[in-house]
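Hi,

Here is the structure I promised to pass on. Have a look at it first, and then read my notes below.

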Amino acid sequence: MTATYPAAVAGPVPGTGQTAQPAGRTPLPRSYLMCRPEHFTVRYAINPWMASGEAVDTALAVRQWHALRDAYTSLGHTVQFINGHPDLPDMVFAANGGSVIGGTVLGARFRHPERAAEGPAYLDWFRRHGYHPVHEPRRVNEGEGDIVAAGGVILAGHGFRTDRGARHELEAVFRLPVISLRLVDPRFYHLDTALCVLDAHTAAYYPAAFDAAGRAALAAHFPELIEASDADAAMLGLNAVSDGRHVILPAQAVALAADLAARGFEPVPVNMSEFRKAGGGPKCCTLELRP
C-alpha cells in the first residue's frame, strides 16, 4: 500500500524553528536514463552495504525497478533505457554512468576495477544517441553518485569514491562553479546517499555524513535544508529523485516523507529493498539527462 500525506499549509514545523512552505512547489518535466536490472546481484563488496552478504531476490528487484520506472512515467517524465551486461551487476545503478548538464556529457571513471567497464558502456550509449560533446574523464568520478547539479552550481562529493581533484575537470567541462563536499561516513559513500536536491533552493541531507566545512557550505548555498533522521538515512531515504514537487524516495523513509509533505513537496514512496542490499535506491537507478 502506498502511503499518503496531507497537503501542506504554511506554518511552523514542530521542533525545527522553521516555517513550512505552502503547497505550490512546481514540478518540471525530466528525462531519465535507466538500466534494466536482469543481471543485478551482489557478487563482491565495495561498500558496507554489500559486506552484509545478503542474497538478492532478482525477480523481486526486477519488479521494484519496474515500479520505479512506472512512477516516473506516471508523473509525465521521459525514461530511456540502456541494456545491462551479465558481467556488470552494478550497471543497473545508472546514476554512476556519467553526468549530463546542458547536453554536455562527462563520462565516469570508477574507483574499483569491478565496475570499470561500466564507464565505456555508458559513454558508448551517449555517443550512439547523439550527445555532443562527450568527454572521457581523466580523474576518478562516479557520475551523479557524487556530482549533483544544484541551481547554477555543481556539488561534488569526495572522500570515498570520487577524487577531490575531479572538481577541476568538472569546472572545465561544464563551466560552472563547483562546491566540494567531503563525505566522512563510509555508509554514505556517494553524495547521493546523503543528499537530495529538491529544487534550486531546497535540499534534504544527513548532516553526520559531512564534515564541518561541508555542512557549512550546504547551509550557505541552500536557503532551506531538511535534515533526515538517523533511521531514515540508514534506510537510504535520501537516495531520492525530485522533479521540484514530487519526490520519489524509499518507502521505508516514513519520517522524511512526512517532513517533505509538510514543506509542500509530494512524496512518492517506492520499495527498493533489494537494491539497498548493494547500497542503492531510486536515485542510484536513475541518471538525469539534463538538456
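To start with something to look for: is tryptophan 125 buried or exposed? Tryptophan 125 is buried, as its relative accessible area is 2%. (Buried means under 20% relative accessible area, exposed over 50%, and partly exposed in between, with a 1.4 Å probe and protein chains only.)

Before going on, a word on what you are looking at. This is a predicted model, in which local features need pLDDT of at least 70 and side-chain atom pairs count only at pLDDT 80 or more, while totals for chains, interfaces and linings use all residues. Residues are numbered from 1 along each chain as its sequence is written, and side-chain values use heavy atoms, with hydrogens and water left out.

**The chain as a whole**

The protein chain has 7 helices and 17 strands. (Helices, H or I with at least four residues, and strands, E with at least two, are DSSP runs numbered from the N terminus.) Along the principal axes, the C-alpha atoms fill a box of roughly 50 × 40 × 35 Å. If you take the contacts between residues at least 6 apart in sequence, 70% of them join residues at least 24 apart. (Contact means heavy atoms within 4.5 Å.)

**Around helix H2**

Back to tryptophan 125, which lies in helix H2. The buried residues of H2 (residues 118-128) are Glu118, Gly119, Tyr122, Leu123, Trp125 and Phe126. Viewed down the helix axis, they fall within an arc of 155°, so they line one face of H2. (The arc is that of the directions from the helix axis to the C-beta atoms.) Pro120 and Arg128 are exposed, on the face turned away from that buried side. After H2 comes glycine 130, with a positive phi near 85°.

What do the buried residues of H2 pack against? Their partners are strands S3 (31-35), S4 (78-82), S5 (98-101), S6 (104-107), S7 (134-135) and S17 (287-288). Tryptophan 125 itself touches Leu33, Gln80, Phe81, Ile82, Tyr131 and Leu289, if you skip residues up to four places away in sequence. Valine 134, in S7, has contacts with Val105, Leu123, Phe126 and Arg127, again leaving aside neighbours within four places. Valine 134 counts as buried because its relative accessibility is 18%.

Three of those strands build an open sheet in the order S4-S3-S17, with mixed pairing. S4 and S17 are the edge strands, each pairing on one side only. S3 and S4 are parallel and share 5 bridges, and serine 31 has threonine 78 in S4 as its bridge partner. (Two strands pair if DSSP finds at least two bridges between them.)

**Around helix H4**

In helix H4 (residues 212-221), the buried residues are Gly214, Leu218 and His221. They cover an arc of only 70° around the axis, which puts them on the same side of H4. The face turned away carries Ala212, Ala213 and Ala220, which are exposed. Strands that cover the buried residues of H4 include S8, S9, S10 (178-182), S11, S12 and S13.

S12 and S13 run parallel, joined by 4 bridges; one of the partners is glutamate 227 in S13, for tyrosine 205. Together, S12, H4 and S13 make a right-handed β-α-β unit. (Right-handed means that, with the strands pointing away from the viewer, the path from the first strand over the helix to the second runs clockwise.)

**The cores**

The largest nonpolar core has 37 residues, and those with the most contacts inside it are Leu155, Leu195, Phe210 and Leu218. (A nonpolar core is a set of buried Ala, Val, Leu, Ile, Met, Phe, Trp, Tyr and Cys residues joined through side-chain atoms within 4.5 Å.) S11 gives this core its largest share, 4 residues. Another core, of 24 residues, lies apart from it and includes Phe40, Tyr44, Ile46 and Ile248.

Enjoy looking around!
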